[in-house]
Amino acid sequence: VIAIIGLIVLCPVLLLATIAIVLESGGPVFFSQRRVGFLGRRFTLHKLRTMRKDAEAEGAKWASEADSRVTKVGKFLRLSRIDEIPQFWNVLRGEMSIVGPRPERPEFVEKLNEEIPLWPCRHLVKPGLSGWAQIRFRYAAGSDASKEKLAYDLYYLKNASLLLDLQIILST
């Protein structure tokens with residue numbers, strides 16, 4: 001229900017963002033990427049494109065707060081979280097939830113599973129549009145930061161409740 005309402009209410013915002021992306025850097029407007037979700041299942045995550053078209057010409061890279069690959073419009077879309085609106089579609093498809101640990105890319109999950117013993121615990125719930133780590137931590141741009149971020153995800157798993165979800169939604 002939240003995803004349907006979100007898509008309907010935010011449709012004008014999505015339209016304006018689409019126009020801004022096309023004016024700044026042309027198409028494509030949407031960006032799709034494989035991610036790992038509930039019980040390790042892979043799915044395609046949808047977002048508005050915030051980076052240059054050639055951002056990963058040399059392969060997968062961690063995103064960071066001051067990422068030079070992000071466009072001017074993309075910076076605004078990221079700060080305002082408007083780039084995440086298309087993920088309501090992932091929620092409707094049952095691949096994501098509104099709240100939960102953010103899904104990571106398969107390339108990074110394989111590495112993190114090896115380096116961080118409790119990392120697979122994140123896949124015991126559906127990934128979310130927002131989560132405790134997103135509102136309490138910065139971008140995780142590597143294994144060390146991901147280890148710290150995991151502590152927030154584990155806190156969420158241990159304390160998951162409607163009240164905590166509501167707090168996360170309101171903070172987002």
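This is a predicted model: local features need pLDDT of at least 70, side-chain atom pairs count only at pLDDT 80 or more; totals for chains, interfaces and linings use all residues.
Where does arginine 81 sit? Its place is the loop between helix 3 and helix 4, which covers residues 87-92. Is arginine 81 buried, exposed or partly exposed? With a relative accessible area of 37%, arginine 81 is partly exposed, because that value falls between the 20% limit for buried and the 50% limit for exposed.

Now to helix 3 itself, residues 72-80. Which of its residues are buried? They are Val73, Gly74, Leu77 and Arg78. These four span an arc of only 130 degrees around the axis, so they lie on the same side of helix 3. If you turn the model around to the face pointing away from that buried side, you will find the exposed residues Lys72, Lys75, Phe76 and Leu79.

What do the buried residues pack against? Their partner is helix 2, residues 11-25. When two helices pack, we describe them by the angle between their axes and the distance between the axes. For helix 2 and helix 3, the angle is about 155 degrees and the axes are 9 Å apart. That angle makes helix 2 roughly antiparallel to helix 3, since anything over 145 degrees counts that way. From helix 2, the residues in the contact are Ala17, Ala20, Ile21 and Glu24, and they meet Lys72, Val73, Gly74 and Leu77 of helix 3. Sorted by class, the residues of this contact are 5 nonpolar, 1 polar and 2 charged.

Next, please look at the other end of helix 3. Which residue caps the N-terminal end? That is threonine 71, with a side-chain oxygen 2.9 Å from the backbone nitrogen of glycine 74. Threonine 71 belongs to the loop between strand 2, residues 42-48, and helix 3. Is threonine 71 buried or exposed? Its relative accessible area is 12%, so threonine 71 is buried, as buried means under 20%. Leaving aside neighbours within four places in sequence, threonine 71 is in contact with Glu24, Thr50, Met51 and Arg52.

Leucine 39 has a phi of about 55 degrees although it is not a glycine. Look for leucine 39 in the loop between strand 1, residues 30-36, and strand 2.

Helix 7, residues 143-159, packs with helix 8, residues 162-171, at an angle of about 140 degrees, and the axes are 9 Å apart. That makes helix 7 oblique to helix 8. Which residues make the contact? Helix 7 brings Tyr155, Tyr156 and Asn159, while helix 8 brings Leu164, Asp165 and Ile168. By class, this contact has 4 nonpolar, 1 polar and 1 charged residues.

Notes. Residues are numbered from 1 along each chain as its sequence is written. Side-chain values use heavy atoms; hydrogens and water are left out. Buried means under 20% relative accessible area, exposed over 50%, partly exposed in between (1.4 Å probe, protein chains only). Helices (H or I, at least four residues) and strands (E, at least two) are DSSP runs, numbered from the N terminus. The arc is that of the directions from the helix axis to the C-beta atoms. Contact means heavy atoms within 4.5 Å. A polar contact is a pair of N or O atoms within 3.5 Å; within protein, one must be able to donate a hydrogen and the other to accept it, and residues adjacent in sequence count only if both atoms are side-chain atoms. Axes are lines fitted to C-alpha atoms, for helices over the stretch in contact, and angles run from 0 to 180 degrees between N-to-C directions. Angles under 35 degrees count as roughly parallel, over 145 as roughly antiparallel, 65 to 115 as roughly perpendicular and the rest as oblique. Ala, Val, Leu, Ile, Met, Phe, Trp, Tyr, Cys and Pro count as nonpolar, Asp, Glu, Lys and Arg as charged, and the others, Gly among them, as polar.
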